[in-house]
Amino acid sequence: MIEKMKFINISGPLKDIDRVTDLYLSRYEIHLEPAITALKTMDNLRPFVEQNPYLEPLQNAQRFVSCIPDAENITPAVPPGLDAMLDLISTTGERFRELTEQEEQLRTQMNDLIEKRQLIIPFRPLDCTLHDVLNYQFIVCRFGRISMESYYRLQKYLLSDLHTVFLEGERDENYVYGVYFAARSEVKKVDASFRSFHFEQIALPDSYEGTPAEAYLALNQEIEQIEQKRKKLKKQIEELLLGSAPQLIAARNRLESLSHNFDIRRYAARSSTDGQDDSYVLCGWMAEKDVSRLLKEIERDRYITIVVENDPASHFGTPPTKLKNLPLFRPYEMYVKMYGLPSHDEVDPTVFVALTYSFLFGAMFGDVGHGLLLLIGGGLLYKFKRIPLAGIISMAGFFSTIFGFLFGSIFGFEDILPAIWLRPISHMTTLPFIGKLNTVFIVAIALGMGIILFTMILHIINALRSKNLQETWFDVNGVAGLVFYGSVVAVVVLFMTGRTLPGAAVLAVMFGVPLLLVLFKEPLTKKLQKRTEKMEEGPVMFFVQGFFELFETILSYFSNTLSFVRVGAFAVSHAAMMEVVLMLANAESGNPNWIVVILGNLFVCAIEGLIVGIQVLRLEYYEMFSRFYKGTGRAFEPFTQVPAKSKNH
């Protein structure tokens, strides 16, 4: 169902807006509208331009709480006053910044040392003092790396002819690291030769002490010392925050609420009197029952005024849609929202979808074993994860179980349970003119006819609610369409059951009059509404267009009805697929391969369950929703999500 909405105006002294938001509006769900655009009839309205004063302390509190270990399991303290909260955050922030700055400096220093250590690692086997070799007067050294392939070619073809010495360091999968020495007079020639073999030079700073191995060990010790200092600082930060963790978490929570409430100014407006902004104005939609509770609560509050509009739709547009259904049907709101929310003058189709979807799914996928798997698996997933689709699967599994007993099928075995109703794959019915036909096909068509008739009734109810004369009486899904299709259904039922049909004159009236009403729906509507505008097209074009529209309407009735054959087809195909699984498992021998039986059942349950779910959803959207439902509503988006406890306050 759709909750009834009321449009309210809230006003009071300008300085009182935070108190009203915190004391009242934070405990009620209200869909706010921008006051300046919604209240067009009011003069002297101005927007708020204040900056949020809670934003900076909130960001600091959030940062503090994020650094507290296992903060989600700490019980918040009783929220202190605002001044006490700000003092706590300010005091904590000073010490926190001091410690974090020291820790950041150490981290930067350690990263520099790690980078420096990384450079020296490949050269640890070299037995030379780095400071000395980097400062030779007559000899130049180049540290770097060269690919394995180039190094072998360098050794084979060139190294012996160059006036240089190459000392090898470490190797990895692709490169040889090392250093070559050359006289300053020969260095240009040597550099050019090494570059031709793709030698990549690595610049080492002149800050290492001792050999590469000694420098590496010294850097390791220095990094370890800095890491110990960082750990001590982190411990101090942790102790600082843990000492007041309950208070900080409480402050964070309270500031989040205050900051969010302050943002209500985005929807509010200042109201001016005598050139001075002295009051605020808020407006929005609330559930009717919430409005009654709020009005009762503010009876003795002289600083707030609430006006409930009697005819909001004429001035403030259509209300937002807030669905409220029983927990059993609530998961199916997902399918409704996927198509579009109902507007306020439409019937909420959630219960209709829940019943028809689950029933059709069960009829198409009737198996006790598979149904119980879906019922239990979906139910557990919905209980612990609150996934709407899991709730839908669970309810669909319940109906699958029921139809499984009706069909006498459990995990594909049809010789264990007796069929309470029939076996889909073998039960036949003889019909006049048609002959023998599978019974589930006949039942599926009959079920489809009944559902289509019911959706036409829903269309008429929606049209009456929206006061649309044409769609109520002359639409293909209105009264005229209902009489025509109902007459067709009645004639088909009488013929198939061998009863006498009405006379030709009665049939002509039953079929002809509704079609004529559909054909002349526009001029008839204009006549009843006493409108005098002329038709845009001429009479000939009107009749040609009307004829083809009628032809298309009759075809749509026929195709929509036949579309329900898929219900019976999937009931038969399920039994056939399980026969194949049992055949592959050699079940006829009395000693089936249980691994094949289990894997086959899991495969059929997953694949066919998915396909059936999609096909039923297609029936819902194309054969049912298209006849009565528009889904043009807009969602109810409360400014504050109120917990259940607060709603019952």
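Salt bridges come to a count of 25 in this predicted model. Side chains of opposite charge can pair when their charged atoms come close.

Start with Arg27 and Glu297. Their side chains meet in a salt bridge, with N and O 2.3 Å apart. Arg27 sits in the loop between helix 1 (17-23) and strand 2 (30-33), and Glu297 belongs to helix 10 (residues 288-297), so this pair ties together parts that are 270 residues apart in sequence. Are the two partners buried or exposed? Arg27 has 16% relative accessibility, and because buried means under 20%, Arg27 counts as buried. Glu297 is partly exposed, at 31%.

Move to Arg124 and Glu170. Here the closest N and O atoms of the salt bridge are 3.0 Å apart. This pair also links distant parts of the chain. Arg124 is in the loop between helix 4 and helix 5 (130-133), while Glu170 is in strand 5, and 46 residues separate them. Arg124 is partly exposed, with a relative accessible area of 28%. Glu170 counts as partly exposed too, at 26% relative accessibility.

Glu104 and Arg107 make a local pair. Their side chains form a salt bridge at 2.4 Å, N to O. Both residues lie in helix 4 (residues 82-120). They are 3 residues apart, about one turn of the helix. Glu104 is partly exposed at 34% relative accessibility, and Arg107 is partly exposed at 30%.

Salt bridges can also join into a network. Which residues are linked in this way? Asp18, Glu50, Arg265 and Arg270 are.

Glu170 leads on to the sheet, through strand 5. Strands of a sheet pair through backbone hydrogen bonds, either parallel or antiparallel.

Look next at strand 4 (residues 139-147) and strand 6 (residues 175-183). They pair in the antiparallel sense over 9 bridges. Cys141 has Phe181 of strand 6 as its bridge partner. Arg142 has Tyr180 of strand 6 as its bridge partner. In a regular strand the side chains alternate between the two faces of the sheet.

Strand 4 also pairs with strand 7, again in the antiparallel sense, over 2 bridges. Arg145 stands opposite Glu200 in strand 7.

Ser487 has 6% relative accessibility, so Ser487 counts as buried, the limit being under 20%. What does Ser487 touch, leaving out residues up to four places away in sequence? Its contacts are Met510 and Phe511.

Phe511 also gives a reference point for Pro523. The two residues are 12 apart in sequence and 20 Å apart in space, C-alpha to C-alpha. Pro523 has its place in helix 20 (residues 521-528). At 30% relative accessibility, Pro523 counts as partly exposed.

Finish on the surface. Leu373, Phe411, Trp594, Ile595, Ile598, Leu599 and Leu602 form a nonpolar patch there. Together they have about 730 Å² of accessible area. Which helix gives the most to the patch? Helix 23 (residues 594-628) does, with 5 residues. Leu602 is one of the patch residues, and Leu602 lies in helix 23.

Key:
Residues numbered from 1 in each chain as written. Predicted model: local features only at pLDDT ≥ 70, side-chain atom pairs only at ≥ 80, totals over all residues. Heavy atoms only, no water. Pairing = 2+ DSSP bridges. Helix = DSSP H or I, 4+ residues; strand = E, 2+ residues; numbered from the N terminus. Patch = residues over 30% accessible without salt bridge, like charges linked within 9 Å, V, L, I, M, F, W, Y side chains within 5 Å. Areas by Shrake-Rupley, 256 points an atom, 1.4 Å probe, with all protein chains shown as cover. Salt bridge = Lys/Arg side-chain N within 4 Å of Asp/Glu carboxyl O. Buried < 20%, exposed > 50% of the residue type's maximum accessible area, 1.4 Å probe, protein only. Contact = heavy atoms within 4.5 Å.
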